[in-house]
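Please walk me through this structure. Begin with the strands, then turn to the ligand.

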Amino acid sequence: MNDRIISLDRFIMSEQSRYGGRGDFSAILSQIVFAAKVVAAQVSHAGLIEDILGRTGQKNVQGEEVQKLDEYANKVFINALNYIGKVCVMASEEEPDMIVIPPEHPKGDYVVMFDPLDGSTNIDVNVSIGTIFGIYKRVTGGGDGKLEDCLQTGSKLFGAGYIIYSSSVNLVYTTGNGVNVFSLDPSVGEFVLSNPNVRIPARGKIYSTNEGNQPYWKKGTREYIDYLKSERNTLGAPYSSRYIGSLVADFHRNLLKGGIFLYPEDTKDPKKPTGKLRLLYEANPLAFVVEQAGGWASTGYERILDITPAKLHQRVPLIIGSKDDVLEYEEFAKKNLS
Ligand code: AHM
Ligand code: MG
């Protein structure tokens, strides 16, 4: 075998020796990788399997229709992590409450937050979707994990990442020492390092937002997007617009090419005045990844990783990507406050 090919297992082992761990975190990551492969296999068959594709007719805790593949992915990740003795509690975007570890299994020192299948409204139309995860050390003593283990600020993340199910399957993760991208080689069923130590450009040429929400945006956001589309901006030329509508896919493109993603606060739905995306399962893990790659993530008013969560399914405005772009957005947003 070509010794320049670095498998994910080899990479995880070398990282473990760097931070002197006992292997608990590595075991969690290996289970996430296993679950990702199982989900990837189902995603690639989704168009073929009638009872997987499509809706269940039920609503999830966010009041949204649940897709069958969401439920499937949710179960796969729970079942991959709940018996290994390394996790004390989990929480998922698809579950109303914390996920307790069954009494027959030992409890560990880590807490896992995840969105099992983000962008799931795109499943039916064969657009990229993803899984997002964040991993914390527990703050409570021992035994079953508690709500306070789940409600930690993002700055306490021990590791975070995402998987993107697309023309190829990528796993992107960080343990606070840079960001690495792995690609699944389907011929051997293993992830191999494809983009080591990714750095996001300080400024991009792409903005990514659901512009259909413009009538509901605050003045600062409207002025910022108009500015990007003009020749008055820092580039001296209009930015390009790219919006897939799958956070993981929009984020991944901007991570590699540079750019800014915005899901700002809006007045469209009075029940969601602070935007759509969830702090624990979406914003925090991606904010940790982007900062590790040299980027920035903000609500427009404060750093995402500094927010103290008040509840499991808390939503936040999310402005994330190239650092200079996100900081420039903050100036527009803050000016609008006065
Ligand atoms: P989901 O977790 O229910 O899939 O919703 C999150 C998704 C993100 O992937 C994406 O950025 C956003 O919702 C798109 O929302 P909209 O359709 O309002 O533009
Ligand atoms: Mg989601």
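Start at a hairpin. Strands E8 and E9 form it, with five residues between them. In the turn, Gly-176 has a positive phi of about 90 degrees. This is a predicted model, and every value here is computed from it.

E8 covers residues 169-174 and runs antiparallel to E9, joined by four bridges. Val-172 stands opposite Val-181 in E9.

Now follow E9 itself, residues 180-185. The strand is mostly covered, with five of its six residues buried. E9 also pairs with strand E10, residues 190-195. Five bridges join these two, again antiparallel. Here Ser-183 faces Val-192 in E10. E9 and E10 make a hairpin too, with four residues between the strands. Gly-189 in that hairpin takes a positive phi near 70 degrees.

Next, the ligand. Where does ligand 1 lie relative to domain 1 and domain 2? Domain 1 (8-195) and domain 2 (206-335) both give residues to its shell, so ligand 1 lies between them. The shell holds 17 residues, and the closest are Asp-118, Gly-119, Tyr-243, Leu-247 and Tyr-263. By class, the shell residues are five nonpolar, five polar and seven charged.

For Asp-118 the distance is 2.7 Å. For Asn-210 it is 2.8 Å. For Glu-93, an N or O atom of the side chain is 2.9 Å from a ligand oxygen. The protein covers 86% of the 470 Å² of accessible area that ligand 1 has on its own. Strand E5 (110-118) and strand E13 (260-263) are the elements that give two or more residues to the shell.

Note on methods. Residues are numbered from 1 along each chain as its sequence is written. Chains are lettered from A and ligands numbered from 1 in the order in which they are written. This is a predicted model: local features need pLDDT of at least 70, side-chain atom pairs count only at pLDDT 80 or more; totals for chains, interfaces and linings use all residues. Side-chain values use heavy atoms; hydrogens and water are left out. A residue is near a molecule or strand if one of its heavy atoms lies within 4 Å of it. A polar contact is a pair of N or O atoms within 3.5 Å; within protein, one must be able to donate a hydrogen and the other to accept it, and residues adjacent in sequence count only if both atoms are side-chain atoms. Accessible areas come from the Shrake-Rupley method with a 1.4 Å probe; for residues, only the protein chains shown count as cover. Ala, Val, Leu, Ile, Met, Phe, Trp, Tyr, Cys and Pro count as nonpolar, Asp, Glu, Lys and Arg as charged, and the others, Gly among them, as polar. Domain bounds come from an automatic or database domain assignment. Buried means under 20% relative accessible area, exposed over 50%, partly exposed in between (1.4 Å probe, protein chains only). Two strands pair if DSSP finds at least two bridges between them.
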